[in-house]
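Please open the model in your viewer and keep the selection tool at hand. The tour below goes from one selection to the next and says what is there.

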Amino acid sequence: MPEVSTHDAEADPRNAGLMIYVNGAIVPRDQAVVSVYDSGFLLGDGVWEGLRLYNGKWAFLAAHLDRLFEAAKAIDLDIGMDRAGVKAALDGTAAANGMRENVHARLMITRGIKAKPFQDPRLSQSGPTTVIIMEHSAPSEATFLRGIRLHTVPIYRGLPVTQDPKLNSHSKLNCILAGIHAQKAGADEALMLDPHGFVNTTNSCNFFIVRRGEVWTSTGDYCMPGITRANVIRLCRENGIPCFEKNFSLVETYGADEAFMTGTFGAQTPVIEIDGRRISDGPGPVTLRIRELYKASVAAETG
């Protein structure tokens with residue numbers, strides 16, 4: 001089967017001429033650069049958010065800003081803007097690109113340029129570096145219909161005392177190595193366990209299964225507090241779909257009727273195979289219902 005990713009997007013030639021936000025300036029894509037001394041480049045020292053624009057409005061913006069400012073506070077990073085300033089930067093970049101629909105934004109804030117290329121955060125004395133990459137980006141319908149194949153990897157999302165997996169930081173090597181392991185095994189992406197051996201998340205998205213009409217996801221103790229994840233849980237509970245945050249095993253996962261991943265970019269992406277076990281032949285009825293409920297929720301949020 002051809003290799004796919006939950007972040008597959010429909011090709012859009014407009015992305016060749018993008019305008020990028022860099023520290024208050026909005027410049028052509030080929031002029032959007034940061035210093036090689038930047039903390040993000042040197043050490044992965046920064047936080048980020050992925051957002052989507054529908055009908056000229058940012059979906060679930062308040063939740064994204066809550067998560068961004070909480071993460072910045074956790075790593076003792078002064079963003080240099082308030083919430084209104086961040087929104088103005090997002091809106092200005094969208095306006096410069098003439099964007100209103102099917103847009104994905106990557107908002108990145110690092111500790112800024114360092115005086116020397118070493119770890120000590122006190123060497124970052126220039127103030128934060130802020131970059132917004134915004135693309136015309138409609139998720140691939142072919143990938144949704146085909147689904148994703150997962151492979152369980154020995155790399156797990158760790159304990160908060162090492163690097164808290166709830167933190168949306170630039171330091172993603174743990175997940176990248178998991179993805180490489182899965183791809184070397186012939187799968188599309190990785191299924192990651194928690195430190196106790198329970199099913200947790202994928203290397204790029206939150207993970208759900210459906211068993212006998214019930215929707216299960218991890219406890220949330222060792223995964224990103226996904227905004228799409230939270231919305232799916234809310235929509236299930238508001239619409240009579242039994243939904244549980246709980247510990248569950250690979251054995252229970254292999255016996256699922258459906259499985260899907262959630263994230264800001266792809267919303268819900270079906271999982272068709274895990275460790276060579278066939279789960280389904282594409283999006284199942286519960287996944288499809290949740291997708292329609294989610295679309296309606298986005299429309300209500302951005303209408």
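Helices (H or I, at least four residues) and strands (E, at least two) are DSSP runs, numbered from the N terminus. This is a predicted model, in which local features need pLDDT of at least 70 and side-chain atom pairs count only at pLDDT 80 or more, while totals for chains, interfaces and linings use all residues. Residues are numbered from 1 along each chain as its sequence is written, and side-chain values use heavy atoms, with hydrogens and water left out.

Begin with helix H2, residues 61-74, which gives five residues, the largest share, to the lining of the second largest pocket. A pocket is, on a 1 Å grid over the protein atoms alone, an open set of points where a 1.4 Å probe fits, with protein on both sides within 12 Å along at least five of seven lines, and lining residues have an atom within 4 Å of a point. The second largest pocket holds about 450 Å³ of space, a volume being the space filled by probe spheres set on the points, which are joined across faces, edges and corners. Of its 20 lining residues, select Ala-71, Ala-74, Ile-75, Leu-167 and Ser-169, the closest to the centre.

Now select helix H7 (residues 227-238) together with helix H9 (residues 285-302), whose axes come within 10 Å and cross at roughly 105°. Axes are lines fitted to C-alpha atoms, for helices over the stretch in contact, and angles run from 0 to 180 degrees between N-to-C directions. H7 and H9 are therefore roughly perpendicular to each other, a term for angles of 65 to 115 degrees. Their contact (heavy atoms within 4.5 Å) involves residues including Asn-231 and Leu-235 of H7 and Leu-293 and Tyr-294 of H9.

Finish at Thr-152 in strand E7, residues 148-152. Thr-152 is buried, with a relative accessible area of 13%, buried meaning under 20% (1.4 Å probe, protein chains only). Leaving aside residues up to four places away in sequence, Thr-152 touches Leu-191, Leu-193, Leu-250, Tyr-254, Ile-274 and Asp-275.

Methods. Angles under 35 degrees count as roughly parallel, over 145 as roughly antiparallel, 65 to 115 as roughly perpendicular and the rest as oblique. Buried means under 20% relative accessible area, exposed over 50%, partly exposed in between (1.4 Å probe, protein chains only).
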